Amino acid sequence: MTALAAPPTEPPATGTRPRPAGRRKSRAGRTMQGGKLAYAILIFAVLISAFPFYWTIVAASRSNADLAKVPPTLLPGSNLFRNFEAVMEEADIGKALLNSFIVSGSITVGTVLCCTLAGFAFAKLRFRGRGALLAITVGTMMIPPQLGVIPLFMLIAELQWVNQLQAVILPGLVSAFGVFFMRQYLVQSLPDELIEAARVDGASTARIFWSIVVPIARPGMAVLGMLTFMAAWNDFFWPIVALSSQEPTVQVALRQLGGGYVHDQSVIMAGTLLGTLPVLLVFGLLGRQIVGGIMQGAVKG
C-alpha cells in the first residue's frame, strides 16, 4: 500500500508573517525592570522613611551631652542599656507595656471580629433598614471624639471603672471606620455565588461566616488589625483621662520620663524606642498576611 500524501498547506496571506510560537510566551513571561532613576527614588524614599527610627536608636544610645553637640553625632553609642535602666527607674515601663499589650490586643481582636461581622451583614445580607443603619454608622465618623469624652467618663464613673483597663478597652471594641472598611472589602472580594452555593448545601449564616467569609476576608482583617493595634497602642488622650499613673499604658508612662529642669532627651528616646518595638513586631507578623493576600488577589484577578 502506498502512503497517502499530506494535503498541501495554503500559503500565508500577502503581507503577513506567521508569529513564532515562543515569542508570545517570552513576552508574557518577561518582567519589567526599573531604570536607575526609579531605584534612586526608591532608595531616597527608604532613607527618608527609616531615618527617624535610626535617629531614635542613636539618641537612645547616647547621653544628653552628646545630643547637644553641634553637629550632632550620627552613630550609635554605648549608653543604650544604661538609658533603659533609667527608663525602668523613672517609670513603671514594664507594667505599662503589659497594660498596653492587654488593651491594644483586646481592642484589636474585638474590632476585627465585630467589624467583620458587621461588614458582612451590610455587604451581603438583606434586612430592613440596612442603608439607614450604614449611613448612621458612617455618619458617626464625622463627630469629633472629644465631644464624647465627658459623657463617656460619666458612664465609666457610674460603672466604677475609673483607673481600670476595661474603661479603655470597651469603648474601642467597634469602630465605624472598621465596619465601613470591611463592608467595602467584602463587597469587592466575596462573590454572591459562594453564599448562594453554601445556602443550597444547607449551611447556616454562622457557618458561612466562619467557613467562607473569614478565609476570604483574611487580608482585609490583617490590614484592619494592624491599623487598629497601632491606633490603640499610640492612643494618649483617652487613657490619660481614664487611667492614673498606677495603671498606665505606654504613652501615659512616657510622659513621666526626662523630668527635671533640663529634660534628659536620651532617656525619653530610650523609652520611645521601647514603646516602638512592639508596633514593629506586630507589623512584621501581619505584613506577611497583607502581602500574601494582595498577591493572591492579583493572581486570581
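This is a predicted model: local features need pLDDT of at least 70, side-chain atom pairs count only at pLDDT 80 or more; totals for chains, interfaces and linings use all residues.
Rings of Phe, Tyr and Trp (its six-membered ring) pair if their centres lie within 6.5 Å, and planes under 30 degrees apart count as stacked, over 60 as edge-to-face and the rest as tilted. One of the pairs joins Phe120 and Phe209, whose ring centres are 6.1 Å apart with planes at 45°, so this pair is tilted. Since Phe120 belongs to helix α5 (residues 93–124) and Phe209 to helix α11 (residues 205–216), the pair ties together parts that are 89 residues apart in sequence. Helices here are DSSP runs of H or I with at least four residues, numbered from the N terminus.

Both Phe120 and Phe209 are buried, a term for under 20% relative accessible area, with exposed meaning over 50% and partly exposed in between (1.4 Å probe, protein chains only). Phe209 also pairs with Trp210: the ring centres lie 5.2 Å apart and the planes stand at 80°, so the arrangement is edge-to-face. Phe209 has 3% relative accessibility, whereas Trp210 is exposed at 55%. Elsewhere, ring pairs link Phe101, Phe229 and Trp233 into a cluster.

Turning to helix α4 (residues 80–90), Asn83 is found there. With 7% relative accessibility, Asn83 counts as buried. Beyond its neighbours within four places in sequence, Asn83 is in contact (heavy atoms within 4.5 Å) with residues including Ala59, Arg62, Ser266 and Ala270.

Residues are numbered from 1 along each chain as its sequence is written, and side-chain values use heavy atoms, leaving out hydrogens and water. Local features need pLDDT of at least 70 and side-chain atom pairs count only at pLDDT 80 or more, while totals for chains, interfaces and linings use all residues.

Key. Helices (H or I, at least four residues) and strands (E, at least two) are DSSP runs, numbered from the N terminus.
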